[in-house]
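Here are a few notes for when you open the model. Have the sequence and the structure side by side as you read.

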Amino acid sequence: MPVPYLPGAAGDDARGTDGEWEESPGARRRRLRRRRLAPLRLLLLLLLLLLAAWVAAVAVSGVQAGRALQRVAAAAPQLEDAVRAQDFAGASVVAGDVAADARTAARATGQWPWRAAQAVPWVGEQLSAVGAGSRAAALLTEPLPDGLDLAHDVLGEGLVSADRTVDVDAVRELSPLVTDYAERVQRARAVLAAGTGEDVLRSISSRLEPVERMLGQVEGPLTTAADVVPQLPSMLGADGPRTYLVAFTNPAEPRPVQGIFGAYAYLRVDGGRIDLMSTGSDNDLYAARADPSVLGEEYVALYGADAGRVQNVTLGAQADDAGRLAADLVVDAGLPRPDAVVFVDPVGLSQLLGPDHEPLDLGPFGQVATADLPDVLMREAYVRYEGDQDARKAFLAVTSAAAFEAVLADGLSTSAAAGAREAVASGHLAVWSSVPAEQEALVAAGVAHVLGDPALAGGRAHLALTNTAPSKLEYWVQPALEVQPPCASVTGEAVGALQLTLVNTVPEEVPGYMRNATARTAADERTAQDVVSLWVPPWLGLDGASVDGAPVPTAVDTEHGWRLVRLTVDLPPGVPVVVRWQLRGPAQDLPREVSGPATATAPVVTTGSCLVP
């Protein structure tokens with residue numbers, strides 16, 4: 001039986017009275033909805049396409065940046081080797097490629113798809129870190145090609161030319177370059193810090209962290225260079241002739257500033273040209289006197305009115321005090337007033353010349369290797385000239401000046417610069433300038449040998465020996481220093497200790513002029529007598545001092561804001577003498593690093609077990 005047709009029962013459409021199908025309300029709604037959604041579907045498809053293109057663009061940029069940064073990293077060792085070898089022309093070519101790759105990486109990570117993707121949670125942090133590394137690399141490498149070209153012009157044949165002339169104009173050109181690079185390092189550190197977070201993948205952060213550490217290490221020296229380089233033209237006589245007194249000291253008769261002032265040379269620097277004007281010995285200075293009162297009541301109270309004698313101008317802790325006294329001393333002796341004073345001893349001269357320098361012709365001593373220079377000047381000369389001290393002093397003055405001239409003749413090469421750093425660090429080279437701006441630069445560069453602000457010591461102390469008997473026995477003294485830091489990490493009251501062991505290795509036969517002239521017995525002629533001085537921040541307490549385990553009295557004073565602790569020791573032949581200081585105070589200020597003493601034999605420094613209060 002046929003099923004009767006019921007309108008609306010079979011679907012949404014129905015046949016009207018005229019026989020035509022009519023659209024139901026539901027179908028009409030769906031058709032209208034589809035019509036309205038059609039543009040949305042098209043927009044969604046477009047967005048998906050754009051998203052795919054965006055992801056692809058980010059991926060391509062990432063690949064470009066990654067490959068470029070890999071090339072930068074791969075070229076870095078080659079660039080460093082070329083600079084160390086002073087192949088500035090070759091280094092400039094490599095630097096050009098490195099700078100181009102760094103620009104590529106920075107450009108790839110600076111496009112809008114990359115920047116927009118940085119807003120995506122987690123993913124954005126990874127992209128920000130890579131972008132930060134790229135921008136930092138571009139900042140640091142951009143000036144390298146021009147800078148190395150300039151370095152080639154200035155340093156390619158040594159800072160000092162064959163005719164002992166410094167290109168002052170080229171040094172002037174270095175100033176804005178160094179200043180700009182110091183600023184770039186600061187900006188690069190800020191970029192890296194802003195672009196890295198806690199959620200950055202280790203595979204990315206492990207590549208950026210060494211860069212951050214390296215930038216932290218070079219920021220200080222570059223800032224210092226930016227302070228020092230602008231002062232160099234005037235120090236090189238660009239604004240008029242400059243006079244330098246080179247004071248040759250002798251650590252065989254030690255003082256806090258190297259040793260006794262025994263010989264001198266005058267250098268004239270005019271428009272970059274360096275000339276040796278004259279030499280002399282302390283014989284010329286015995287009758288002269290400097291006025292130590294110009295250094296203040298504290299200095300006179302510590303070192304006495306005789307601090308103005310030639311034997312004593314280096315008694316204080318700082319080379320700037322010694323420089324002022326030395327300048328006044330030579331003027332009182334009728335010599336020209338120097339604009340600056342350079343203190344250097346035989347150890348420092350040997351370090352300046354370096355172990356690979358050709359031997360020096362020292363007349364009666366023949367060809368002397370630079371490593372043997374201290375022994376010739378501080379021992380063999382006393383043997384050869386034992387009966388004629390005037391001849392010995394003349395030899396020392398001429399030979400020391402000749403060795404210093406050899407340093408200049410080398411053009412202050414990379415090896416000489418490395419030797420200068422070693423000599424400064426070990427206390428065997430220091431410079432003082434009478435011009436305040438220049439002295440500030442020398443202090444900033446660390447070549448002025450001043451104690452500095454104790455509040456900025458950061459766990460640093462300073463040691464020195466001063467011989468109190470007229471002898472040169474300390475030539476054979478071998479110091480060893482053990483630092484015992486606190487077990488406490490950073491804060492809170494703690495204890496620490498310093499232990500100095502001194503061994504007098506003097507032989508049986510000693511030249512007469514090197515013996516202890518005040519000894520009462522023949523055996524005592526080989527016994528050295530010294531004041532041992534320790535400078536620490538004033539808020540550190542001294543729990544006690546001992547010599548060979550027995551408590552000893554100390555003199556506790558103040559010098560340049562530091563606490564100065566002094567005691568005396570006798571150093572008989574072959575017997576170790578152990579001096580120990582027990583200190584108490586804030587853990588972060590207790591000594592972990594000690595400079596000095598600037599003895600003929602470098603101190604051996606070790607770190608012992610930490611101490612618990």
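1. A quick definition before the cysteines: a disulfide here is a pair of cysteine sulfur atoms within 2.5 Å. Keep in mind that this is a predicted model. By that cut-off, the structure holds 1 disulfide.

2. Which residues does the disulfide join? Cys487 and Cys610, with an S to S distance of 2.0 Å. The pair ties together distant parts of the chain, 123 residues apart. Cys487 sits in the loop between strand 11 (477-484) and strand 12 (493-504), while Cys610 is in the segment after strand 20 (604-607). As for handedness, the link of Cys487 and Cys610 is right-handed, with 90° about the S-S bond.

3. Cys487 comes out at 35%, so it counts as partly exposed. Cys610 has 39%, so it is partly exposed.

4. Now over to the surface. Val120, Trp122, Val123 and Leu201 make up a nonpolar patch there, and together they have about 320 Å² of accessible area. Trp122 is in the loop between helix 3 (112-117) and helix 4 (123-141). Trp122 has a relative accessibility of 46%, so it counts as partly exposed.

5. Last stop: Ser205, which you'll find in helix 7 (residues 202-228). Ser205 has a relative accessible area of 15%, so it is buried. Take a look at Gly133 too: Ser205 and Gly133 are 72 residues apart along the chain, and their C-alpha atoms are separated by 9.8 Å.

Technical notes:
Residues are numbered from 1 along each chain as its sequence is written. This is a predicted model: local features need pLDDT of at least 70, side-chain atom pairs count only at pLDDT 80 or more; totals for chains, interfaces and linings use all residues. Side-chain values use heavy atoms; hydrogens and water are left out. Helices (H or I, at least four residues) and strands (E, at least two) are DSSP runs, numbered from the N terminus. Buried means under 20% relative accessible area, exposed over 50%, partly exposed in between (1.4 Å probe, protein chains only). Patches are made of residues with over 30% relative accessible area and no salt bridge: like charges are joined within 9 Å, nonpolar side chains (Val, Leu, Ile, Met, Phe, Trp, Tyr) within 5 Å. Accessible areas come from the Shrake-Rupley method with a 1.4 Å probe; for residues, only the protein chains shown count as cover. A salt bridge is a side-chain nitrogen of Lys or Arg within 4 Å of a carboxyl oxygen of Asp or Glu.
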